[in-house]
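Please walk through this fold with me. We start with the sheet and end with the charged side chains.

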Amino acid sequence: DSSASKSEPIPVPRGFYVHGDVGTGKSLLLNEFYNHAPTAGKKRRIHFHSFLQEIHQRIHALNKRILQEHGRSFHVDTSKSRNPILRIAEELSNEVTLLCVDEFQVTDVADAMMLSQFFDELWRRGVVVVATSNRPPRDLYEGGINRGYFLP
C-alpha cells in the first residue's frame, strides 16, 4: 500500500564527510549540495577556519557576558546548562538546520575537545553537518595529544 509508505517519516542523516585529494571537486560538490538543499533558508556554508574562529569568538563573548552579569563564582560553574560550548551549539542550532563546512581539519588539542562536544550537541539537536576535507576521518587530529577524547 503506497499510502502507508507516505506517512512514514523520512530518516534524516546526521551528515556526511567527503574527503579526497586536493583538486578533486569536493568544494564544488559541497556548493552544489548547499545550493540545492531544501532547508527554507536555515542553512549555512562556511570555510572551516572561519567557522572555528567564529565559534571561539562566540564562546569568548558568552563567557565575557556571564562574567560581567554574574561574577567569577558563576563563571566557573561547569554544569552542562552553563557550558559555553553547548550553549553556543544550541544557539547555532536555532539558526541553521544544515551546516556545510569546507576544508575541515583539526590540529589542536583544545579545538579537538571543543569540536567533539560542539558537534555532539548539534547532532543531538538535529542539525545536519556536511564537511569536506583533504584528510580521511581516521587521519583527523592524527598523533594529537589525547586523541581518544576527540574520536567519535
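A crossover is right-handed if, with the strands pointing away from the viewer, the path from the first strand over the helix to the second runs clockwise. Helices (H or I, at least four residues) and strands (E, at least two) are DSSP runs, numbered from the N terminus. By that rule, β3, helix α5 (residues 109-124) and β4 make a right-handed β-α-β unit.

This is a predicted model: local features need pLDDT of at least 70, side-chain atom pairs count only at pLDDT 80 or more, and totals for chains, interfaces and linings use all residues. Residues are numbered from 1 along each chain as its sequence is written, and side-chain values use heavy atoms, with hydrogens and water left out.

Now the sheet. Strands of a sheet pair through backbone hydrogen bonds, either parallel or antiparallel. Here four strands form an open sheet, ordered β1-β4-β3-β2, with parallel pairing; two strands pair if DSSP finds at least two bridges between them. β1 (15-19) and β2 (43-47) each have a single partner strand, so one side of each edge strand lacks a neighbour in the sheet. From one strand to the next, the twist averages 10°. Axes are lines fitted to C-alpha atoms, for helices over the stretch in contact, and angles run from 0 to 180 degrees between N-to-C directions.

Follow β3 (residues 98-102). Five bridges pair this strand with β2 in the parallel sense. Lysine 43 sits opposite leucine 98, and isoleucine 46 has valine 101 as its bridge partner. Four bridges join β3 to β4 (residues 128-133). There, valine 101 stands opposite alanine 131.

How covered is β3? Five of its five residues are buried. Buried means under 20% relative accessible area, exposed over 50%, partly exposed in between (1.4 Å probe, protein chains only). Leu98, Cys100 and Asp102 lie on one side, Leu99 and Val101 on the other.

Last, the charges. The structure holds eight salt bridges, each a side-chain nitrogen of Lys or Arg within 4 Å of a carboxyl oxygen of Asp or Glu. Arginine 45 meets aspartate 102, with the closest N and O atoms 2.9 Å apart. The two are 57 residues apart, in β2 and β3. Arginine 45 counts as partly exposed because its relative accessibility is 30%; aspartate 102, at 4%, counts as buried.

In helix α5, glutamate 121 and arginine 124 are three residues apart, about one helical turn. Their side chains form a salt bridge (2.9 Å, N to O). Glutamate 121 is buried at 8%, whereas arginine 124 is exposed at 58%. Glutamate 121 also bridges to arginine 125, at 2.8 Å between the closest N and O atoms.
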